[in-house]
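Here are my notes on the model, point by point. Please read them with the structure open.

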Amino acid sequence: MTLSLTGVDFTYGAGTAFATRALSDVDITFSPGEVVLVLGATGSGKSTLLRIAAGLLVPDAGSVTLDGRAVRGPLAVVRPGVGIVFQSPEMQLFAESVAADVAFGPRNQGLSEEDAIVEARRALDAVGLDPEEFGPRSPFSLSGGEARRAAIAGVLAMAPGYLMLDEPTAGLDPSGRESVRDIVTAARESAGVVVVTHDAEEFLGHADRVVLLSEGRIIFDGRTEVLVQNPGRFTEAGLRAPEVLRAQMLAQDAGVALPRFALDPTEVASLLAEAWSGPR
Ligand SMILES: Nc1ncnc2c1ncn2[C@@H]1O[C@H](COP(=O)(O)OP(=O)(O)O)[C@@H](O)[C@H]1O
Ligand SMILES: [Mg+2]
């Protein structure tokens, strides 16, 4: 199930004095089993890109296709569709229990009460919330990290072919961030995963591919390893490169001849040590 955006333009308030161009000539293809990181500064069009990919906004020009067929209307309601986890999704928890909240999506997709409950339990398991313990609880009794996970479960329960998350770790403590990272990377087993963030640090080591957005245009789309070897691209996108890459750029500027850049600190340490001790 391939999801493609082709030649997509989008302007908010088109034809008014407040018209804001959010996306220009965006071409992008998502594939199952792949974790794609969409990085860009605030206002670069990331959230708009997600809404268009999920069928929630209709592009002014260009097309969105799922397996070559034009997309009409929201893709969350179909199975397998495109599930979107909005920013601070826990704000939208509403039901009297976590189980009812998570079962809402699959029930809305037309599943029987029984099947919706099965899907909700599966999704709660997938986010590490024991259905027996957390299912009966009020969503409002959860910690911030638990509430975020419950909200993600609500989308996973709809068995999306694509899971799209907008700034999924924003506002969480380090352990909450780690568990969201784990959930997101595990989701690739059953879905294509698209993570949108302005934080170049957070998911880079977990992404197969990175797309850099700048002022509504794609300025890079390639394998993570390729971007890591070209850290100047982060600056072009108005972002700071991850600290570990900045350290290597500074070492290089100081005359240390690194054979390549790396993300893993242990690998970086041995590359630096080798470069300093000279060729063997
Ligand atoms: N509902 C809206 N109405 C008008 N302009 C908007 C709206 N949402 C976003 N924009 C504008 O569109 C551009 C892209 O926004 P957005 O997709 O939210 O970017 P990002 O998620 O990268 O911060 C920005 O200039 C933003 O101000
Ligand atoms: Mg946004």
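1. Along the principal axes, the C-alpha atoms fill a box of roughly 65 × 50 × 35 Å.

2. This is a predicted model: local features need pLDDT of at least 70, side-chain atom pairs count only at pLDDT 80 or more, and totals for chains, interfaces and linings use all residues. Residues are numbered from 1 along each chain as its sequence is written, while chains are lettered from A and ligands numbered from 1 in the order in which they are written.

3. The protein contains 10 helices and 10 strands. These are DSSP runs (helices H or I, at least four residues; strands E, at least two), numbered from the N terminus. Of the contacts with a separation of 6 or more, 64% join residues 24 or more positions apart. A contact needs C-beta atoms, placed from the backbone, within 7 Å.

4. Buried residues make up 41% of the 280. Buried means 20 or more other C-beta atoms within 10 Å of a residue's own; exposed means 12 or fewer; partly exposed lies in between.

5. The largest nonpolar core has 81 residues, and Ala53, Val102, Ala153 and Met164 touch the most other members. Helix α5 (residues 144-156) gives the largest share, seven residues. Such a core is a set of buried Ala, Val, Leu, Ile, Met, Phe, Trp, Tyr and Cys residues joined through C-beta atoms within 7 Å. Leaving out residues up to four places away in sequence, Met164 touches Leu50, Ala53, Ala54, Val82, Gly83, Ile84, Val85 and Val194.

6. Helix α2 (residues 98-108) has buried residues Val98, Ala99, Asp101, Val102, Ala103, Gly105 and Pro106. Their cover includes α3, α4 (131-134) and α5. Just after α2, Gly110 takes a positive phi of about 105°.

7. Is Arg122 buried or partly exposed? Arg122 has 16 other C-beta atoms within 10 Å, so it is partly exposed. Arg122 belongs to helix α3 (residues 113-126).

8. Around ligand 1, the shell includes Tyr12, Gly13, Lys46 and Thr48. A shell residue has its C-beta atom, placed from the backbone, within 6 Å of the ligand. Both β2 (20-30) and α1 (46-53) give two or more residues. The largest share, three residues, is from α1.

Technical notes:
Contact = placed C-beta atoms within 7 Å.
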